[in-house]
Amino acid sequence: RESDHRAWTPVSYTVTRQNATVQGLTEGKAYFFRIAAENIIGMGPFTETTKEIVIRDPITVPDRPEDLEVKAVTKNSVTLTWNPPKYNGGSDITMYVLESRLIGKEKFHKVTKEKMLDRKYTVEGLKEGDTYEYRVSACNIVGQGKPSFCTKPITCKDEIAPPTLDLDFRDKLIVRVGEAFSLTGRYSGKPAPKVTWLKDDIVVKEDDRTKIKTTPTTLCLGILKSVREDSGKYCVTVENSTGSRKGFCQVNVVDRPSPPVGPVIFDEVHKDHMVVSWKPPLDDGGSEITNYIIEKKDAHRDLWMPVTSATVKTTCKIPKLLEGREYQIRIYAENLYGISDPLISDEMKAKDRFRVPDAPEQPIIKDVTKDSAVVVWNKPYDGGKPITNYIVEKKETMATRWVRVTKDPIFPSTQFKVPDLLEGCQYEFRVSAENEIGVGDPSPPSKPIFARDPIAKPSPPVNPEAVDKTKNSVDLSWQPPRHDGNGKIIGYLVEYQKVGDEEWKKANLTADSCPETKYKVTGLTEGLTYKFRVKAVNAAGESEPAYVPDPVEVKDRLEPPELILDANMAREQHVKAGDTLRLSAVIKGVPFPKVSWKKEDHEVSPKADIEVTGVGSKLEIRNTVHEDGGIYSLTVENPAGSKTVSVKVVVLDKPGPPRNLQISEVRSDSCYLTWMEPEDDGGSVITNYVVERKDVASAQWVAISSSSKKRSHMAKYLMEGTQYLFRVAAENQFGRGPYVETLKPIKAIDPLHPPGPPKNLHHVDVDKTEVSLVWNRPDRDGGAEITGYLVEYQEDGADEWTKFQTVPMLDCVVTGL
């Protein structure tokens, strides 16, 4: 029972040993326990614990402290920290005991004072150079626990750490004039570093506006009410005996710019506008000048008028002036941070002084070559200021943009050789004059010219001759002229003259209709004699004529036909089935012969494509089949004779089907097949036969031989009683031909013979009209089960036997006698 309750709670009724474990108790509560013995008669008296028992885990000494670390070392002290043990033994920690051992000695000595509960301790009064190791133990009410793991050996000496620097500012800082700024950061190092601030490599000193604050860990430079002169490169240096670190910041204190630098210069003055210029401000305020603001004022009025605020150049055109009035100009510079004070000009009257030169007259082009031309012009009025330069421009006639021909100045010469033209292109040119006021208007464009070398007429063609003739035409041929006059030969003009006439007639009207060095003159009269001549033509004109040496009589020239066979007209041509058969030959003869193709003295197949040209003939059959083979002949014929050539064509194909497939010697497990070779072997030797069989009940053919060269085969391994079909095909190097198949199935059974005669026939009973007969089985059944016995009778003396009946058994009663 709990100590503060009166009711007892049973723990167990079945304990037979002298001990028991009581479970389900609450930690921290106090309990009483009692025990009684029991036998079959009944339960004896209880025995009770004398004092209450508080439920808690058994208390032990604490575990060892954890994470003993050295935090700082000097020449005479060591600072250590640690974490509490994972388990305090069931009782609160009452104190920690820190021990040290001098390296070389055996024993640890206690270094902490009594009752130390802090987990940080500095051991002082050590000797510089000595080496110690440390351990720490925890104590509770039970006692002192295990010590922690020892530290590494620690030698007493001052720690050294190079400086570190952590800055709060970036490489660049922009500050408006009058604002404050500060540069801050943190640093460390042992021994404590020295902090130095520099601006543009000069030490920064404190004054009314400049403040420097340095703590053992932080640094700060602050400047109040900044001015433009505070701009510069600031550097902070952190340095001790082990080294130094530096940090940089480019500070730009920005302001509006100072005024533009005068005086305002009037570069041009005209009756309606002026061009002024000035110099940039001496101080741009630390930020790039974004633009200038220009205003104008009539000298006799107080109102300033805006001209522009968008210019970034230090020059500006002042437009819309009234002739004869005096004007003042003022100019402001502007940057991102404001607008400067103005620069104001002197007064200036608006009136014309000088102007740009006039436009030159239309230039003349001379000395044109394929890549250059000389442009010539006259000097125009100079506008009151001397001409300093001429600008020559070119453009292709079809283009729209004019291009300067050189960036170099052209002066004082009034002509210029333009280089780098593209041969064959058409160009125009124009010229502008320039003085110090500016560039005048361009001249009118020159007349267009083509960029090509100057050309002369060509020399005459060389060696014209008549190379062929018919009853109404003559074929002429010649060589090109020796000189083309630096111009491309456009073509040739051919002329002819009937002998006895004075007039030459043109065979072709234009030279470009005869670009080659040959021409067929047609429309001549048979039997007449003609003279011929040829002229070469280029862009400059016609050459002198070249004459064919002798007059030519117009009549047919006779030459017997001639055949020049191509390689595919050799004596025998082999073509694979499905490929294309090509037969061709070159044909000569005057007049051109008539061409005819034959196969075996008959017309060739309609599927053959026959082509006849002026120089030959070609026969072509696509997707050839075996029937396309045979002897092909080509015949050419003209009045001077004829000629025929033949070629044997073999179309190589798969063979045809074997012939006369026969089956004999049928047995229950085999049969014998014979056949004859195909009528057509496909033009190639038959290499083997393929034999297949098929059960009539199956859809699948099964190969039983695929390499036999013989024309017979014993088909084995048949299933008795099964009906089979057989088929055979021939193969050559081009493939397998069609199968020949048995017309009707055969059944795999042994051959049948008539059975032998029954044995021991005799009668066993006789009546007046019937006889009872019996007999025995014959010796042989002929290969099949006996199905019955035929009984016949014959009247004594008669010739014929009379059939009585067929019986299944070995006895019979013959009646009706």
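Helices (H or I, at least four residues) and strands (E, at least two) are DSSP runs, numbered from the N terminus. The model here is a predicted one, so to speak of local features takes a pLDDT of at least 70, side-chain atom pairs count only at pLDDT 80 or more, and totals for chains, interfaces and linings use all residues. Residues are numbered from 1 along each chain as its sequence is written, and side-chain values use heavy atoms, with hydrogens and water left out.

Let's start with the annotated stretches. In an unreviewed entry, UniProt lists residues 163–252 and 561–646 as "domain: Ig-like"; such positions are given in the numbering used here, feature names are shortened, and annotations may be inferred rather than shown by experiment. Residues 561–646 come out as 0% helix and 62% strand, with their end C-alpha atoms 16 Å apart. For residues 163–252, the figures are 0% helix and 64% strand, and the end C-alpha atoms sit 28 Å apart.

Next, the cysteines. If a disulfide is a pair of cysteine sulfur atoms within 2.5 Å, the count is zero. Take cysteine 220: its nearest cysteine sulfur belongs to cysteine 249 and is 13 Å away. Cysteine 220 is partly exposed at 22% relative accessible area, while cysteine 425 counts as buried at 19% (buried is under 20%, exposed over 50%, partly exposed in between, using a 1.4 Å probe and protein chains only).

Salt bridges are another story. With a side-chain nitrogen of Lys or Arg required within 4 Å of a carboxyl oxygen of Asp or Glu, there are 29 of them. In one, aspartate 230 and arginine 209 meet at 2.8 Å, N to O. These two are 21 residues apart, with aspartate 230 in the loop between strand 18 (218–223) and strand 19 (232–240), and arginine 209 in the loop between strand 16 (202–203) and strand 17 (210–214). Aspartate 230 is buried, at 8%, but arginine 209 is partly exposed, at 26%.

Another pairs lysine 385 with glutamate 436, their closest N and O atoms lying 3.0 Å apart. Here the partners are 51 residues apart and link distant parts of the chain. Lysine 385 is buried at 17% relative accessibility, whereas glutamate 436 is exposed at 57%.

Arginine 711 and glutamate 677 also form a salt bridge, at 3.3 Å from N to O, across a separation of 34 residues. Both ends are partly exposed, arginine 711 at 44% and glutamate 677 at 33%. Finally, shared partners tie Glu495, Arg533, Lys535 and Glu542 into one salt-bridge network.
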